[in-house]
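Have the structure open while you read.

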Amino acid sequence: MSDEQQQTPAAPAPAVPAGPRPEPIRFFGTTWVAHDGGYALRRVALAAGSLGAAFTSAYLLRLAYEGLEIGNVGPFLSISVVVLFAIASAIAFAKTWESFGSRPRPSSDEAALKGLKTIGFIGSLIAYFLRCLSEAPGEKLRRTEYERARAEYERRRSSRTGNPAARRPKRRK
């Protein structure tokens, strides 16, 4: 063994906090718990990014619509495309906004709406932008679940007294 290996003490293992751990949020990790680690900067950056992506996407859709006009496909198809994207964006906005406040049910129709939400991606981007103005998307739901889990953990921890193995067995009548 070299002298360097003998002189370096073993680093202590990091302490693992007891109790439930917060669920990480995409792009935020667990910084939403204490609003630390660049939380505000991340919210601003994600809000600006989602709004920029929505504007860019709307511009690309406008170019596609102009391509339909140049191709002279007729008014029915042109209007149908606009209406399709408007309805899909409205549904995607509503479903995305709803997903920030509650977990999807196991038998939900989310899988069936995946294609529609993909077509209406501008609505999802706008919902993400609006939610980033007030909090991290999904923060309120996760905070409620985390605080409930912490309270339950504290309640269970405080009700424990002594060694459970040393307790007397219950008498049978």
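The axes are lines fitted to C-alpha atoms over the stretch in contact, with angles running from 0 to 180 degrees between N-to-C directions. Helices are DSSP runs (H or I, at least four residues) numbered from the N terminus.

Keep in mind that this is a predicted model, where local features need pLDDT of at least 70, side-chain atom pairs count only at pLDDT 80 or more, and totals for chains, interfaces and linings use all residues. Residues are numbered from 1 along each chain as its sequence is written, and side-chain values use heavy atoms, with hydrogens and water left out.

| Pair | Angle | Axes |
|---|---|---|
| α2 and α3 | about 160 degrees | 10 Å apart |
| α2 and α5 | roughly 155 degrees | within 8 Å |
| α3 and α5 | roughly 40 degrees | within 7 Å |

At that angle, α2 and α3 are therefore roughly antiparallel to each other. Leu 61, Tyr 65, Leu 68 and Glu 69 of α2 touch Ser 78, Val 81, Val 82 and Phe 85 of α3, contact being heavy atoms within 4.5 Å.

Helices α2 and α5 are roughly antiparallel too, but α2 passes α5 in a left-handed crossing. Among the residues in contact are Leu 46, Leu 51 and Leu 61 of α2, with Ile 122, Phe 129 and Cys 132 from α5. By class, there are 15 nonpolar, 3 polar and 1 charged residues. Here Ala, Val, Leu, Ile, Met, Phe, Trp, Tyr, Cys and Pro are nonpolar, Asp, Glu, Lys and Arg are charged, and the others, Gly among them, are polar.

And α3 with α5? These two are oblique to each other, in a right-handed crossing. The contact includes Phe 93 and Trp 97 of α3 and Leu 130 and Arg 131 of α5.

Now for the largest pocket, whose volume is about 620 Å³. A pocket is an open set of points on a 1 Å grid with protein on both sides within 12 Å along at least five of seven lines, and lining residues have an atom within 4 Å of a point. The volume is the space filled by probe spheres set on those points. Of the 23 lining residues, Arg 26, Thr 96, Ser 99, Phe 100 and Tyr 128 are the closest to the centre. The lining has 11 nonpolar, 8 polar and 4 charged residues.

Conventions: Parallel < 35°, antiparallel > 145°, perpendicular 65-115°, else oblique. Left-handed = near helix turned anticlockwise from the far one by under 90°. 1 Å grid on protein atoms, 1.4 Å probe; cavity = no way out; pocket = protein on both sides within 12 Å on 5 of 7 lines; lining within 4 Å.
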